[in-house]
Amino acid sequence: MNDSVIAKPGVEASTPAGNDLMLECRELSRVYDEGPADLVVLDQLELKVHAGERVAVVGSSGSGKTTLLNLLGGLDSPSAGEVRVADTVLHKMGDAEIGRFRNRHIGFVYQFHHLLAEFSALENVALPLIIRGSRKRDAEDKARALLDKVGLGPRAEHKPGELSGGERQRAAIARALVTDPSLMLMDEPTGNLDKHTAASILALMDELAASARCAFVIVTHDPALAAHQDRVLRLDNGKLHAE
Ligand SMILES: Nc1ncnc2c1ncn2[C@@H]1O[C@H](COP(=O)(O)OP(=O)(O)OP(=O)(O)O)[C@@H](O)[C@H]1O
């Protein structure tokens with residue numbers, strides 16, 4: 001991978017995985033108010049993920065995986081407890097501040113990838129950098145390098161409506177990577193992809209974890225994808241358990 005794509009000053013110099021905590025949940029709870037009987041989805045959940053570590057989260061439908069990902073990304077607030085990313089407590093920030101923090105530190109790949117229909121794949125991938133204040137040309141150079149990396153170079157000028165489901169998924173992955181996030185949150189990242197493309201995305205994730213020391217939390221129902229990660233945790237009864 002192009003160094004400019006993965007360069008993350010200050011992070012490479014950190015101590016080996018085990019000391020440099022990137023994500024921590026402390027007694028994290030999320031309770032939905034369901035009238036007389038509340039629904040406790042997450043119950044004082046604990047989680048630590050270090051720089052360069054890839055953690056898979058598995059669990060049955062309705063166990064709370066999406067709820068957890070939303071909290072980890074600051075898209076929802078906990079009922080109790082806290083989420084720390086790079087030692088910053090997410091829900092203590094205001095909306096604008098959390099938006100800036102997310103743009104700087106967190107990459108998302110969700111099942112509904114929300115690519116902007118009126119922009120090309122290239123423009124979609126470049127957008128987070130432009131929002132951050134990069135020059136359009138620099139942002140597009142980096143976006144193009146990442147689109148090449150996920151095998152979408154020849155489709156870079158096409159709009160999402162002109163791409164297949166798997167191609168849109170790859171564009172979403174490139175968009176998540178373009179800001180060199182410290183933490184990647186992924187929901188079924190290889191769900192729409194054929195075996196060959198899925199393998200190349202896995203290789204890219206391995207490379208990012210190793211060289212850019214990105215931490216990954218990957219929600220999946222795919223046993224092969226889960227088994228490929230450093231740790232597999234099962235969400236059950238509101239808590240995470242080692243598989
Ligand atoms: N906004 C909400 N209000 C009330 N209940 C909710 C809300 N969002 C989710 N839930 C409930 O919380 C539980 C966990 O939902 P969640 O979507 O996190 O599960 P999941 O593990 O991601 O499921 P799946 O694998 O089917 O996507 C479910 O019982 C769901 O119905």
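Colleague: Which residue stands opposite leucine 235?

Modeller: Leucine 235 faces leucine 240 in strand E10. This is a predicted model, in which local features need pLDDT of at least 70, side-chain atom pairs count only at pLDDT 80 or more, and totals for chains, interfaces and linings use all residues. Residues are numbered from 1 along each chain as its sequence is written. Strands (E, at least two residues) and helices (H or I, at least four) are DSSP runs, numbered from the N terminus.

Colleague: How many bridges join E9 to E10?

Modeller: Two strands pair if DSSP finds at least two bridges between them. Four bridges join E9 (residues 231-236) to E10 (residues 239-242), and these strands run antiparallel. Their hairpin has two residues between the strands, and there asparagine 237 takes a positive phi near 55 degrees. E9 also pairs with E3 (residues 54-58), in the parallel sense, over four bridges; in that pair valine 57 stands opposite leucine 233.

Colleague: In what order do the strands of the open sheet lie?

Modeller: As a general idea, side chains in a regular strand alternate between the two faces of the sheet. Here four strands form an open sheet, ordered E2-E1-E4-E5, with antiparallel pairing. E2 and E5 (88-89) stand at the edges with a single partner strand each, so one side of each is left without a neighbour in the sheet. Between E4 (residues 80-85) and E5 there are two bridges, and valine 85 stands opposite threonine 88. H2 packs on this sheet and touches E1 (21-32), E2 and E4; contact requires C-beta atoms, placed from the backbone, within 7 Å.

Colleague: At what angle do the axes of H4 and H6 cross?

Modeller: Two packed helices are described by the angle and the distance between their axes. The axes of H4 (residues 121-132) and H6 (residues 165-177) come within 7 Å and cross at roughly 25 degrees. Axes are lines fitted to C-alpha atoms, for helices over the stretch in contact, with angles from 0 to 180 degrees between N-to-C directions. H4 and H6 are therefore roughly parallel, a term for angles under 35 degrees.

Colleague: Which residues surround the ligand?

Modeller: A residue is near a molecule if its C-beta atom, placed from the backbone, lies within 6 Å of it. Those around the ligand include Tyr32, Leu39, Gly64 and Lys65. H2 (65-72) gives the largest share of this shell, three residues.

Definitions and conventions
Parallel < 35°, antiparallel > 145°, perpendicular 65-115°, else oblique. Contact = placed C-beta atoms within 7 Å.
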